[in-house]
Amino acid sequence: MPSLKEIKGRIASVNSTRKITSAMKMVASSKLHHAQVAIQNMLPYEELLEHILKSFLAAEAEAQTIYDQERPVKRVALVVFSSNSSLCGGFNANTIKLMSHVVDEYAETIGRDQVEIYPIGRKVYEKARKMGLQVQGEYSALADHPNVQQCIEIAMDLGRKFAAGEIDKVELIYHHFKSAGSQVLTRKTFLPIDVESELQADHERDLTSTIATKQSQEYLKKRGERETEMKQEDVKPLNDNFIVEPDMNTVLSQLMPKLAHLMLYTALLDSNASEHAARMVAMQTATDNADELLRELNLQYNKSRQQAITSELLDIVGGSVNN
């Protein structure tokens with residue numbers, strides 16, 4: 001059995017660790033709030049662009065651009081989103097695992113040499129280099145500081161390569177942020193753009209809460225459904241009477257790249273919010289585990305101390321009886 005001094009040392013060590021995990025949880029919660037605000041600021045643009053594209057597709061279903069034309073896949077690019085740091089549960093491990101699975105899948109058909117990786121985040125960059133994959137650039141700064149201009153540059157580079165036939169397909173691997181307690185690992189085709197499936201994709205997000213318990217999430221979901229129903233009663237339809245000049249294909253050739261920019265930036269914001277949510281939950285779990293360990297150590301310390309006191313009393317009583 002460990003001595004009282006050893007138990008006190010362990011209690012002090014666990015207390016110190018608990019302070020660190022609790023502080024990291026609060027920092028992650030604050031960063032998550034800022035990430036949610038960034039997504040919320042992007043939503044009006046997303047909603048209006050989607051509305052315009054839906055109206056155009058309803059008007060002319062045959063309209064096509066170079067960005068939505070499928071062709072035989074001979075070379076693929078993967079844009080993979082991770083974080084720069086650890087201590088966020090299985091966030092990075094799950095992303096890297098899916099990336100490895102996708103690379104192995106394409107390796108069977110076109111070969112590993114025909115797969116390019118665009119790593120957003122240091123963790124996936126280091127893993128891709130270690131696996132010997134073709135890494136196109138290093139975008140670790142984007143993982144900590146989402147930047148719409150750099151996202152546009154990456155999307156334009158991918159679009160140029162796709163239009164020139166240098167790559168035939170682009171996929172995104174990232175975590176879709178649904179709430180503080182739920183982040184869905186997603187694999188999505190970026191190019192060629194399937195506009196209809198993209199417009200029908202799941203855009204549900206809880207951007208009002210940083211609480212990750214199951215009961216609170218169920219309550220917030222029900223409340224969100226009620227608020228959505230109330231908003232739908234008061235909603236006013238937008239004017240869909242668009243005058244398209246010079247023609248539909250020309251306008252769509254300008255709108256499709258904007259949709260691509262939005263898809264990449266949205267994936268970055270989702271991944272950023274998911275990272276902070278995962279870290280917040282991981283640090284909350286670590287803090288709870290530290291509390292449980294402290295309870296056990298305090299109980300063990302009290303038992304050992306009581307045993308030592310009892311032993312000393314028995315020694316005193318035994319000595320006085322002998323005298």
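What percentage of the 323 residues in the protein do buried residues make up? I found that buried residues account for 39% of the 323; buried means under 20% relative accessible area, exposed over 50%, and partly exposed in between, with a 1.4 Å probe and protein chains only.

**Basis.** I noted that this is a predicted model, in which local features need pLDDT of at least 70 and side-chain atom pairs count only at pLDDT 80 or more, while totals for chains, interfaces and linings use all residues. Residues are numbered from 1 along each chain as its sequence is written, and side-chain values use heavy atoms, with hydrogens and water left out.

**Overall.** I looked up the elements and found eight helices and five strands. Helices (H or I, at least four residues) and strands (E, at least two) are DSSP runs numbered from the N terminus. From that terminus on, their order is α-β-α-β-α-β-α-α-β-β-α-α-α. I then looked up contacts, defined as heavy atoms within 4.5 Å. Among contacts between residues at least 6 apart in sequence, 79% join residues at least 24 apart. The protein exposes about 18,400 Å², of which carbon and sulfur atoms supply 52%; accessible areas come from the Shrake-Rupley method with a 1.4 Å probe, and for residues only the protein chains shown count as cover.

**Sheet.** I traced an open sheet of five strands, ordered S3-S2-S1-S4-S5 with mixed pairing. Strands S3 (134–135) and S5 (182–191) stand at the edges with a single partner strand each, so one side of each lacks a neighbour in the sheet. Two strands pair if DSSP finds at least two bridges between them. S2 (residues 115–120) pairs with S3 in the parallel sense over two bridges, and Ile117 stands opposite Val135 in S3.

I next recorded the helices on this sheet. Helix H5 (residues 148–164) packs on the sheet and touches S1, S2, S4 (169–179) and S5, its direction making about 170° with that of S2. Helix H3 (residues 122–130) lies across S1 (76–81), S2 and S3, running at about 150° to S2. Axes are lines fitted to C-alpha atoms, for helices over the stretch in contact, and angles run from 0 to 180 degrees between N-to-C directions.

I placed Leu207 in the loop between helix H6 (195–199) and helix H7 (214–234). Leu207 counts as buried because its relative accessible area is 11%. Its C-alpha atom is 7.0 Å from that of Ser179, 28 residues away along the chain. Beyond its neighbours within four places in sequence, Leu207 contacts Gln36, Ile39, Gln40, Leu43 and Phe177.

I followed this to Gln36, in helix H1 (residues 4–59). Gln36 is buried at 1% relative accessibility. With neighbours within four places set aside, Gln36 contacts Phe177, Asp206, Leu207, Thr208, Ser209 and Thr210.

**Helix H8.** Apart from neighbours within four places, its contacts are Ser83, Ser85, Cys88, Phe91 and Ala143.

I also looked up Ile316, placed in helix H8 (residues 248–322). Ile316 counts as exposed because its relative accessibility is 58%. Ile309, Leu313 and Ile316 form a nonpolar surface patch with about 290 Å² of accessible area together. Patches are made of residues with over 30% relative accessible area and no salt bridge, like charges being joined within 9 Å and nonpolar side chains (Val, Leu, Ile, Met, Phe, Trp, Tyr) within 5 Å. A salt bridge is a side-chain nitrogen of Lys or Arg within 4 Å of a carboxyl oxygen of Asp or Glu.
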